[in-house]
Amino acid sequence: MEMLSRASRTISIGTHTATEVNMMTTMFWILWFFIAFVVVLVALTLRQESSDMPRREILRAVESTGKMGFAERLFLWVFSWLDTRFRLQDYWNMSKGAYYNMHRQMPLSHAEKYKLRIIWYWYPLYCLGGISFLSFIILVVTGTVLGIYYVPGGEGDPSPAYASMQFIMTELPFGYIIRAVHHWCTHFMVASVFLHMCRVYFTGAYRNPRELNWLIGVALMALTIVFGYSGYLLPWDSLAYGAAVIGINLANSSPLVGKYIATLLFSGSSLTARTVTRMYFIHVFILPVIVTTLIIIHLFIVWVQGIAEPH
Ligand code: HEM
């Protein structure tokens with residue numbers, strides 16, 4: 001009998017002996033006990049957490065109200081699902097705290113100090129920056145249309161530049177309107193940028209913490225004028241030629257660097273057919289890139305610092 005039972009214990013199941021099978025059974029149960037233990041532990045922890053966490057209130061609100069539409073319920077459910085996993089509300093509150101800490105150092109604006117609501121029509125002069133920006137946008141759009149038909153060549157009589165302007169003015173449908181809008185918007189922009197600068201100066205808005213934005217503004221004022229000048233030369237008519245003569249003489253008569261400036265801006269120390277091409281490149285590529293970048297930085301700083309209303 002004893003012999004039989006020993007024999008049965010050593011009987012193999014498949015490739016495993018009975019001892020191995022017993023061990024595997026024991027391990028199987030240990031593993032399942034461990035998994036069950038972890039599951040119970042996690043469930044208890046989550047239960048504890050869920051009763052502690054105020055964010056569960058969102059879920060409760062979703063469940064308790066019967067008036068919400070499907071979209072609202074879905075949104076709140078998704079939000080609370082994400083919030084319980086990624087602590088969205090905590091990070092949102094943290095970043096809000098950091099934002100207010102940063103801004104505590106800024107001087108209080110007029111509106112903040114006297115708890116006023118900002119009403120723009122009280123302060124029309126505060127729109128001049130916005131008007132400058134709007135003019136710039138209109139100039140970019142109309143300039144792009146003109147650029148399709150304009151030919152930047154100064155050789156010959158009439159030069160391709162002049163001939164293409166004639167085409168735009170007399171043959172291209174709405175061409176003269178587009179050119180007029182571009183022309184008048186330039187005047188408008190130069191005036192509004194200048195008046196905007198005066199407003200900033202007379203309200204003392206250039207002071208701490210806005211010094212950097214004032215300096216960026218100074219660069220923008222200068223570049224706006226260069227924009228206007230380079231555009232004025234493009235038709236290559238007698239007005240343009242006259243302005244180019246004045247410009248190149250100014251550059252040539254500057255001490256030390258004059259010759260280099262003339263070469264850089266006018267493509268030589270005397271006027272040639274290449275001057276128009278050089279001005280075209282400055283007008284439609286170099287200046288737009290620099291001015292657009294500076295305007296973005298300028299407006300970003302205004303957004304971060306807020307506007308200094310009168311105190
Ligand atoms: C392309 C030219 C420019 C554009 C598009 C522009 C745009 C703006 C805008 C939209 C604002 C918000 C407040 C407002 O509209 O008055 C602003 C504020 C400001 N700008 Fe300009 N700006 C330009 C040129 C200048 C110039 C030439 C200066 C000075 C040299 C300047 C200095 C400032 C300063 C210091 C502020 C902050 C003022 C405050 O907080 O009250 N900007 N700019």
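This is a predicted model: local features need pLDDT of at least 70, side-chain atom pairs count only at pLDDT 80 or more; totals for chains, interfaces and linings use all residues.

Student: Where does W236 lie, then?
Tutor: W236 sits in the loop between helix 10 and helix 11.

Student: Why is W236 called buried?
Tutor: Buried means that 20 or more other C-beta atoms lie within 10 Å of a residue's own; 12 or fewer is exposed, in between is partly exposed, and C-beta atoms are placed from the backbone. W236 has 25 other C-beta atoms within 10 Å, so the label is buried.

Student: And what makes R87 partly exposed?
Tutor: R87 has 14 other C-beta atoms within 10 Å, so it gets the in-between label, partly exposed. You'll find R87 in the loop between helix 4 (70–86) and helix 5 (88–104). Its phi is near 50 degrees, a positive value in a residue other than glycine. W236 also has a positive phi, near 55 degrees.

Student: Which residues does W236 touch?
Tutor: Leaving out residues up to four places away in sequence, W236 touches G154, S159, A161, Y162, Y241 and V276. Contact here is C-beta atoms, placed from the backbone, within 7 Å.

Student: What makes a set of residues a nonpolar core?
Tutor: The members are buried Ala, Val, Leu, Ile, Met, Phe, Trp, Tyr and Cys residues joined through C-beta atoms within 7 Å. The largest such core has 18 residues, and W236 is among those that touch the most other members, along with A161, L233, L234, A240, V276 and M279. Helix 8 (160–170), helix 11 (238–252), helix 12 (258–266) and helix 13 each give two or more residues to this core.

Student: How do you know which residues surround the ligand?
Tutor: A residue counts as near if its C-beta atom, placed from the backbone, lies within 6 Å of the molecule. That gives 28 residues around the ligand, with G129, S132, A205, G217 and M221 the closest. Helix 10 supplies the largest share of the shell, seven residues.

Student: What makes the peptide bond from N208 to P209 cis?
Tutor: Its omega is near 5 degrees. P209 is in the loop between helix 9 and helix 10.

Terms used
Residues are numbered from 1 along each chain as its sequence is written. Helices (H or I, at least four residues) and strands (E, at least two) are DSSP runs, numbered from the N terminus. Two residues are in contact if their C-beta atoms, placed from the backbone, lie within 7 Å.
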